[in-house]
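Hi,

Here is the structure I promised to pass on. Have a look, and my notes follow below.

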Amino acid sequence: MWPLDPSRKEVLGFAVSCRVLTLVLQVLTRFLCSSTPIVYWFSAHLLLDQEPLLKSLEAVPGKPPAGDPPPGQKGPRNSIMGLLYNWKTCSLVTRCVLGYFVTYWLLGLLLHCNWLPWT
């Protein structure tokens, strides 16, 4: 066959070590991203510091953000939905934070539904 033909033992060892490494990385990312709220605290801190739409909401609680709601809806009750509706008027930091979470959610949805590993 090939001049450098790997034996089945070497291939099996490589496959097992790759699988163990993959499982360890998946479990670590699950623990770090799901059970520690630091990522969410930091993103909330950035949003509250940098976003003028949220600062206007702090003055009057329960008031929807400025702008017209989508047709057929009264207005967003959730401040994050208000930010998503007013995407073009948001600051760059808000767009980056919201883009990260929306992309993470969509990728997780697509990959998990197709039985691909996603944490």
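**What I found**

Tyr 40 comes out as partly exposed, because its relative accessibility is 40% (buried is under 20% relative accessible area, exposed over 50%, partly exposed in between, with a 1.4 Å probe and protein chains only). A quick note on the source: this is a predicted model, where local features need pLDDT of at least 70 and side-chain atom pairs count only at pLDDT 80 or more, while totals for chains, interfaces and linings use all residues. Residues are numbered from 1 along each chain as its sequence is written, and side-chain values use heavy atoms, with hydrogens and water left out.

Now the rings. The whole structure holds 3 aromatic pairs (ring centres of Phe, Tyr or Trp, the latter by its six-membered ring, within 6.5 Å; planes under 30 degrees apart are stacked, over 60 edge-to-face, the rest tilted). One of them is Tyr 40 with Phe 101, stacked at 6.0 Å centre to centre and 25° between the planes. That pair joins distant parts of the chain, with Tyr 40 in helix H2 and Phe 101 in helix H5, 61 residues apart (helices are DSSP runs of H or I, at least four residues, numbered from the N terminus). Phe 101 is partly exposed at 27%. Tyr 40, Tyr 100, Phe 101 and Tyr 104 form one aromatic cluster.

What does Ser 43 touch, leaving aside neighbours within four places in sequence? Val 97 and Phe 101 (contact means heavy atoms within 4.5 Å). Ser 43 sits in helix H2, residues 38–50, and counts as buried because its relative accessibility is 10%.

Cheers

Note on methods:
Helices (H or I, at least four residues) and strands (E, at least two) are DSSP runs, numbered from the N terminus.
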